[in-house]
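This report walks through one protein model, from overall layout to single residues. Keep the structure open while reading.

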Amino acid sequence: MTPLLPLAAEQKSAEVTDWAARIGWLVGIVLFIALVYWLMREGWKWRGTLQGDLPELPTAPEDTGPVRLSMSGRYHGSTTAGQWLDRTVAHGLGTRSRAELTLTDAGLDVVRPGASDFFVPASQLREARLDKGIAGKVLTEGGLLVVTWQHGDRLLDSGFRSDRADEHPTWVETLNNMINTTETEGAR
């Protein structure tokens, strides 16, 4: 029995937890996360300031004419045309939201609960296409309806995703036909 006695004598109790150090680390991590969040928020506000020359968003006229198409889905944001990562945040265009789109002869009406609604007059529509991504949202090929439009002196791409993705090709065809018709009439 003598060999077991030295093992028993060498065993030590578990270390006592240093609560002050743990609390200090926890407070440090929380402060770091708060700093990162604050910096992201300031960057978002700075981007909005840089885009301050963007005019106010137009609203729908009283009489827009008969409805050509309507769609419910999500608005994923707007970017500078052709630059899918250059998000536009001025006037709430960077805010993702649910959206109800209505296409009429007067233009495209975008109603966004909880965010700023806007209207794109038919004369300002430039192109519609299917794409796979816009700033912060990447989908499968053709999973996003992207509408290019003129706002002030800038061309913007706005991305929409329908609740029923099989509607997208119809929207692209109708919008592009409408744009071509508007351009042809404007040239006369």
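## Overall layout

The protein has three helices and 10 strands. Both are DSSP runs numbered from the N terminus: helices are H or I with at least four residues, strands are E with at least two. Along the sequence, the pattern reads α-α-β-β-β-β-β-β-β-β-β-β-α.

This is a predicted model, in which local features need pLDDT of at least 70, side-chain atom pairs count only at pLDDT 80 or more, and totals for chains, interfaces and linings use all residues. Residues are numbered from 1 along each chain as its sequence is written, and side-chain values use heavy atoms, with hydrogens and water left out.

## Burial and contacts

Of the 188 residues, 31% count as buried. Buried means under 20% relative accessible area, exposed means over 50%, and partly exposed lies in between (1.4 Å probe, protein chains only). The protein exposes about 11800 Å², and carbon and sulfur atoms supply 58% of that area. Areas come from the Shrake-Rupley method with a 1.4 Å probe; for residues, only the protein chains shown count as cover.

A contact means heavy atoms within 4.5 Å. Among contacts with a separation of 6 or more, 62% join residues 24 or more positions apart.

## The nonpolar core

In soluble globular proteins, nonpolar side chains tend to be buried together. A nonpolar core here is a set of buried Ala, Val, Leu, Ile, Met, Phe, Trp, Tyr and Cys residues joined through side-chain atoms within 4.5 Å. The largest one has 27 residues; Leu101, Leu108, Phe118, Leu125, Phe160 and Trp171 touch the most other members. Helix 3 gives the most to this core, with five residues.

Trp171 touches Leu69, Ser70, Met71, Leu101, Thr102, Leu103, Leu108 and Leu145, not counting residues up to four places away in sequence.

His76 is found in strand 1 (residues 67-80). His76 is buried, at 5% relative accessible area. Beyond four places in sequence, its contacts include Arg87, Arg96, Phe160 and Arg161.

Glu173 is found in helix 3. Its relative accessibility is 53%, so Glu173 counts as exposed. The C-alpha atoms of Glu173 and Arg129 are separated by 8.6 Å, although these residues are 44 apart along the chain.

## Helix 2

Leu35 is found in helix 2 (residues 19-50). Leu35 counts as partly exposed because its relative accessibility is 44%.
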